[in-house]
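Student: I have a model open and want to learn how to read it. Can we go through it feature by feature?

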Amino acid sequence: MARLIIHLMTTSTTSPLTLDLGVGGMTCASCVSRVEKALKKVPGVQDATVNLATESARVSYAPSPQMDAQIRRAVRNAGYEPRVAKEELPEDLSPWAGFAPVAIGLLLSAPLVVPMLGDLLGKHWMLPAWQQFLLATPVQFILGARFYKAGWHALKALTGNMDLLVAIGTSAGWGLSMWLWLSAEADTMVHLYFEASAVVVTLVLLGKWLEARAKRQTTAAIRALHALRPEVAHVLQGTGEETDLPVAEVLLGDRVVVRPGERIPMDGLLQEGQTQVDESMLTGEPLPVTKQPGDRLTGGSINGDGRVVLKVSAVGSESVLAHIIRLVEDAQAAKAPIQRLVDQVSAVFVPVVLVIALATVLGWLFVGAGVETALIHAVAVLVIACPCALGLATPAAIMAGTGVAAKNGILIKDAQALELAHKVDTVAFDKTGTLTVGRPKLVAFIVPPRSPAARESLPPEGALAAAADADADEAAQLAVAASLQSGSEHPLARAVVAAAQERGMTVAQPDGLRAVPGRGSEGEVGVRSYLIGSLRWMDELGVDLGALAPQAQRLQGEGATLALLVERTTAGLRPRALMAFADEPKPEAKQALAALRARGIRVVMISGDNQGAALAMGARLGLGADEVLAEVLPGDKATKVAKLKAGGHTVVMVGDGVNDAPALAAADVGMAMGTGTDVAMHAAGITLMRGDLALVAGALDISHRTVIKIRQNLFWAFAYNVAGIPLAALGYLSPVVAGAAMALSSVSVISNALLLKRWQLKRD
């Protein structure tokens, strides 16, 4: 994947720039280490990270003229190919793409291997030496030219890599065969090793082809996201006619038609029509979402059965889809902390192997074996020691893990967050908008009762009529309150209007409506004058709650937010209704918290509410008093997170608002709800694309599984080398078997990582 993207950070002209550069020709962990060292030596480069699985490098550098060219030159001088920029990923290739060199190698090597099989059956089918030479030499020097070229570059840089090991090992086998053939007496049949050199080259090529084929599967998530972008948009002109334009030419503010069944081409606000939208590829949510005028539409999602018109609100790199792709690419290009161990090993691995191979030759010669035997065992050491699997162990698992997480609506921003998340023992949640719906609801509407004297004067048969009058009075006062609030965008005002509409009331427009900032509003409904606002305002106005006072005290103790409807009469201000508002917990919140506890994780809720309100909400969520942190000011959330981290705890902070950003950054891992603000998402290491709290446990689970795969891969990669090198040095492995084992190690590591693609979000 050859791609070059320059990200300019606009916060300051002196901010570092980032260059993503495709690097061709890397084959193992030693190559990664070599490219990184070469890049870090360039003056002005602040950091460089190289990824073998994506064959890419990410370089951070101080702004400087011609820095792009210097970075590319450094890659080339190190013996690798800086690749040309491509804006799009390549399309899915045939499963057999790139197999031709392997097929040729297999065809030329087969006649050399068949006589070996014949020996096992007591048959002597050995080819003449000149025929073995003609079959093996093209494999060695034409198909194997890539090993000589890359190995030569490594030697010039006084380093080593897989290609150097293969080139030295197979050349030794081919050269030994030539020496035995040319030094033998005429008409003498000697045992040659042309088949070993040819088969090893072919097996290495086969392993690299299988590796490349498997790596293409790890980038499937990125390709799937790119495929969500339509190429054409139906733009409405001023005349009302539709014109098909390339998506790249659509401007902010354009009105775009989306027909039934089409993909929505870009982000926008729905202006005309209503429909249901499938957002599963973006959020992981399988159920269609109903969209009405005023709702947001996200580019890449699929329109249902309604024709709609949207007003474009974001294009290009500013769209939600582009942001998602960027996050996934960043995570897959990043290097996990555990990779440092691999880097340290690979830096000295190849030189150590060369020393072991030399010691093998000297050791076998010392015990009296011939030069032929000593060289063959050394060749086996060089071949099986190739550190391909070491370089692929970590990035392959990270790519597979972040890819399947993105498919389920979990965007992992960097590899460090992925690796840390599996250690988490404490999860702190912001309350409003995270554990709760974030939209206040009218939970109580209380009108003053009739006075005792009025109740006693009622005849017995008038009791039912009185109850009916009370209900009618409540409905009448709710209609008045909704009328006064109908022009306000305040969350509490919208809750009142929604409550009236749920009861089928028609909300009338008030007369002379006046807003009182920070307190409420006043106006006329019909011939009467009303005020509606906070208890603090009413107290300032000297309003006596009367019989509503006990109710107000009780509701405040339960954590409700209160407002009062008051009528201005000739006798003064008279309360007509007490309103209580409360946020509702998300339907899945209690179950999600229980699932985290089942994993042995401590759960904490951080709230700015008073102690009573916070404890009341905590009780509804199944939280104990010690799991609720109340009366926490927005600026103090980060301090609370720091205290939770004290004592060696690993803490996740989950939030969605601007005031959560410092706390998200202070936590070991920040998780931002994708329904929240951009600021929160930028501060977080993990973004949850929808407000489903089950994704929190899902993110921790996929993190845990990915780290397990990384450790399994590193174990197998080291095990192949640690077990194989001594066996080869002691003569228990032939070069052919060593080549097969080396190829198998790379394929097994990637195949193990790809098992992560079967992961699915679980709901307990």
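Student: Which residues does S56 touch, not counting residues up to four places away in sequence?
Tutor: Contact means heavy atoms within 4.5 Å. By that rule S56 touches L21, G22, V23, M26, T49, V50 and N51. S56 lies in strand β4, residues 56-61. Helices (H or I, at least four residues) and strands (E, at least two) are DSSP runs, numbered from the N terminus.

Student: Is S56 buried or exposed?
Tutor: Buried means under 20% relative accessible area, exposed over 50%, partly exposed in between (1.4 Å probe, protein chains only). S56 has 14% relative accessibility, so S56 counts as buried. Across the 764 residues of the chain, 49% count as buried.

Student: What should I know about the source?
Tutor: This is a predicted model: local features need pLDDT of at least 70, side-chain atom pairs count only at pLDDT 80 or more, and totals for chains, interfaces and linings use all residues. Residues are numbered from 1 along each chain as its sequence is written, and side-chain values use heavy atoms, with hydrogens and water left out.

Student: What is the mean pLDDT of the chain?
Tutor: pLDDT is the predictor's confidence in each residue, from 0 to 100. The chain's mean is 81, and 85% of its residues reach 70 or more. Over residues 85-90 the pLDDT is below 50; this stretch has 14 contacts in the model beyond near neighbours in sequence. Residues 452-468 are also below 50, with 4 such contacts. Where pLDDT is low, the predicted coordinates should not be read in detail.

Student: What is the strand order in the open sheet of 3 strands?
Tutor: Strands of a sheet pair through backbone hydrogen bonds, either parallel or antiparallel. Two strands pair if DSSP finds at least two bridges between them. Here the order is β11-β10-β13, with antiparallel pairing. The edge strands, β11 (289-291) and β13 (302-303), each pair on one side only. Strand β10 (residues 275-278) is joined to β13 by 2 bridges. V277 stands opposite N303 in β13.

Student: At what angle do helix α12 and helix α26 pack?
Tutor: Axes are lines fitted to C-alpha atoms, for helices over the stretch in contact, and angles run from 0 to 180 degrees between N-to-C directions. Helix α12 (residues 371-384) and helix α26 (residues 694-729) pack at about 170°, with axes 8 Å apart. Angles over 145 degrees count as roughly antiparallel. Therefore α12 and α26 are roughly antiparallel to each other. H377, A380, V381 and I384 of α12 meet N721, G724, I725, A728 and A729 of α26.

Key. Angles under 35 degrees count as roughly parallel, over 145 as roughly antiparallel, 65 to 115 as roughly perpendicular and the rest as oblique.
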